[in-house]
Amino acid sequence: MPWALASEWREVHRTLDYLFERHGPALDDVRNLARQIEAGLQPLFELFDRMAAVCCPGCRTVCCFVARVEFDFKDLLLFHALDLTPPPHQLRRLNDEHCRYLGPDGCALPRLMRPFICTWYYCAPMLKLFREEPPRAQRFYTQRMTAMQEARRRMEAEFIRVVTGQEVRA
């Protein structure tokens, strides 16, 4: 699991801080993509919050207990591009632990600060609710999610291009 140790977590964030400072305006496209992602995720957050309010309180297999999720590089890149203070730790130290940000009322992290996968993962009950949305809404949310996935990929590729001088192949 990447950056599970506190020292690794601090180091990756120090490194990203340094790279954003060092490359300054050259990373403006990365920052702009991050702002587009932030804005583009808001309707998805609203949908997910609505569905979670219905599905999660009575769930016996809470995803945060059983899923093996972690922050990935694009998640960390988004935090730094938006100049957000990252959460203090990776989600777990060991594979057999549940998410350390799970509180009595659900996730303690704001939606934007959660791993991206936590934004788009639909358990079976949520998928059932999603399929009850009007077809037009389903298309809107699906297209929005696809666009956000692509924007994250472009943000990472642009960051790598600026920092290394190398183009990233899809």
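This is a predicted model: local features need pLDDT of at least 70, side-chain atom pairs count only at pLDDT 80 or more; totals for chains, interfaces and linings use all residues.
**View 1. Helix 2 and its bend at Q42.** Helix 2 covers residues 28-55, 28 residues in total (helices are DSSP runs of H or I with at least four residues, numbered from the N terminus). From first C-alpha to last, helix 2 reaches 39 Å, close to the 40 Å expected at 1.5 Å a residue (the expected span is 1.5 Å times one less than the number of residues). At Q42 helix 2 bends by about 35 degrees, and the proline P43 follows within four residues (a bend is the angle between axes fitted to the seven residues ending at a residue and the seven starting there).

**View 2. Helix 2 packed with helix 6.** Helix 6 (residues 124-131) packs with helix 2 at an angle of about 120 degrees, the axes being 10 Å apart (axes are lines fitted to C-alpha atoms, for helices over the stretch in contact, and angles run from 0 to 180 degrees between N-to-C directions). Look for L47, F48, M51, A52, V54 and C55 of helix 2, which meet P125, M126, L129 and F130 of helix 6 (contact means heavy atoms within 4.5 Å). By class, this contact has ten nonpolar, no polar and no charged residues (Ala, Val, Leu, Ile, Met, Phe, Trp, Tyr, Cys and Pro count as nonpolar, Asp, Glu, Lys and Arg as charged, and the others, Gly among them, as polar).

**View 3. Helix 2 alongside helix 7.** The axes of helix 2 and helix 7 come within 9 Å and cross at roughly 150 degrees. That makes helix 2 roughly antiparallel to helix 7. Their contact has 16 nonpolar, two polar and six charged residues.

**View 4. Helix 4 crossing helix 7.** Here the axes of helix 4 (residues 73-81) and helix 7 (residues 135-164) come within 10 Å and cross at roughly 75 degrees. Helix 4 is therefore roughly perpendicular to helix 7.

Methods: Residues are numbered from 1 along each chain as its sequence is written. Side-chain values use heavy atoms; hydrogens and water are left out. Helices (H or I, at least four residues) and strands (E, at least two) are DSSP runs, numbered from the N terminus. Angles under 35 degrees count as roughly parallel, over 145 as roughly antiparallel, 65 to 115 as roughly perpendicular and the rest as oblique.
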